[in-house]
Amino acid sequence: MTVHVVGAGVAGLAAAVALSDAGIEVRVHEAAPMAGGRCRSYHDPVLDRRIDTGTHLLVGANLSALAYLRRLGALDRMIEGVPAAYPFVELASGRRWTVRPPFSGMISAFRLVALAALNTEPEEASWRLIAAVFGRLTSERACRPWIARAGVGEALIDPAVVRLGERLCLGRRLTRIDAAGDRARALVFGDEAVELAADDRVILAVTPGAAAELLPGLVVPTAFRAIVNAHFRVDSVAPVPTLVGMTGGVGQWALWRGDVVSVTVSAADALLAEPAEALAGRFWREMAAAFGLSGAMPPFRIVKERRATIAATSAMERLRPAARTRLRNLALAGDWTRTGLPGTLEGAIRSGEAAMRLALARD
Ligand SMILES: Cc1cc2nc3c(=O)[nH]c(=O)nc-3n(C[C@H](O)[C@H](O)[C@H](O)COP(=O)(O)OP(=O)(O)OC[C@H]3O[C@@H](n4cnc5c(N)ncnc54)[C@H](O)[C@@H]3O)c2cc1C
């Protein structure tokens with residue numbers, strides 16, 4: 001039996017690594033020239049530094065994500081904030097305080113934490129998803145921040161790429177699934193068709209739009225929310241990555257890692273039309289206030305992820321499909337499938353592992 005995993009985002013990689021560890025033959029097919037999907041690190045030529053697609057935060061409650069890192073031997077590529085403590089700064093007044101969850105300050109941090117976890121304004125978010133997030137933040141350990149030491153690519157992607165080796169094929173886009181009755185019969189990659197043996201399985205771990213094109217009739221979420229990140233290369237160096245929540249401005253979180261300060265705005269659709277230079281100016285003034293930085297604006301990179309995650313609304317919840325499909329040998333994975341969680345690394349990894357179990361259990 002071979003399991004074909006299509007899509008090497010975190011969901012596909014989690015499925016493939018679990019399959020590989022179980023001794024199952026696996027092939028991963030990724031359309032892009034690199035693995036990681038929305039969770040990657042890459043060299044930015046303006047900053048001359050490796051930066052992440054966006055600041056990614058895990059918390060201690062993300063048990064599947066931490067287990068995935070442990071499986072890869074990559075837990076030490078993350079830094080666990082012990083004990084859980086989140087410094088905040090109010091930009092206008094300079095007032096500083098620290099939220100020490102779960103008992104102190106959670107109310108003042110509610111909006112920023114909800115925005116970060118849901119990538120959707122709390123007022124329009126599904127109460128079920130809000131409860132799924134906050135219902136897990138019940139102990140100090142569950143609230144601890146886990147931040148990638150060097151970058152999300154180094155922690156979550158590179159070790160999986162090494163583990164999979166030649167079983168991961170990059171630049172290989174699935175263009176069609178040939179089906180007969182209730183089974184997928186062949187995977188078509190441009191000019192090449194891969195016939196599926198009777199016991200082969202497929203895990204489709206692509207984006208919702210791609211899945212809907214490949215499986216006509218599949219209902220998928222259609223509304224997304226943006227995340228905007230600004231990265232600045234500064235003169236000073238932070239000895240360990242430092243995450244600071246910010247209120248009263250545009251930026252919501254600042255992560256200082258090495259000599260790069262990155263600011264994140266979730267549910268950032270209103271910022272998409274604003275030119276990069278203007279956004280950078282606004283963010284830099286806030287960074288300067290938050291960290292006491294001075295001088296002219298340093299080199300920067302603005303990254304606008306238009307479709308960072310699906311909108312965490314009740315309407316989109318109703319459109320999220322289960323892993324099981326009408327094709328008995330094909331299961332779905334991805335943070336947008338029906339995970340019970342918002343579009344997050346934890347949801348993506350859980351979905352990949354659930355699709356793997358389904359693929360092995362079914363015929
Ligand atoms: C800026 C930003 C910040 C974020 N911050 C956080 C955070 O702090 N914490 C958190 O938990 N989550 C965060 N997330 C969300 C997290 O990145 C996603 O939940 C996760 O990466 C989704 O993984 P996935 O595998 O489901 O999807 P994707 O990463 O989208 O992977 C899908 C893959 O399928 C490939 N593909 C598509 N079509 C085809 C095809 N036809 N054939 C072959 N391959 C195909 C794509 O190239 C892609 O590699 C953030 C996301 C962004 C964008």
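**Exercise 1. Find what share of the protein's 363 residues counts as buried.**

Solution. Of the 363 residues, 46% count as buried. Keep in mind that this is a predicted model. A residue is buried if 20 or more other C-beta atoms lie within 10 Å of its own.

**Exercise 2. Check the span of H1, then say what covers its buried residues.**

Solution. H1 has 12 residues. At 1.5 Å a residue, they should span 16 Å. The end C-alpha atoms are 16 Å apart, which agrees. Now count burial: 10 of the 12 residues are buried. Among them are Val 10, Leu 13, Val 17 and Leu 19. Their cover includes strands E1, E2 and E14, and helices H2, H6 and H10. Just after H1, Gly 23 takes a positive phi of about 80 degrees.

**Exercise 3. Describe the shell around the ligand by residue, element, class and domain.**

Solution. The ligand is surrounded by 36 residues. The closest are Gly 7, Gly 9, Gly 37, Gly 54 and Thr 344. H1, E15, E17 and H10 each give two or more residues to this shell. By class, 16 shell residues are nonpolar, 14 polar and six charged. Domain 1 and domain 2 each supply at least three residues.

Terms used:
Residues numbered from 1 in each chain as written. Predicted model: local features only at pLDDT ≥ 70, side-chain atom pairs only at ≥ 80, totals over all residues. Near = placed C-beta within 6 Å. Helix = DSSP H or I, 4+ residues; strand = E, 2+ residues; numbered from the N terminus. Nonpolar A, V, L, I, M, F, W, Y, C, P; charged D, E, K, R; others polar. Domains from an automatic or database assignment. Expected span 1.5 Å × (residues − 1). Contact = placed C-beta atoms within 7 Å.
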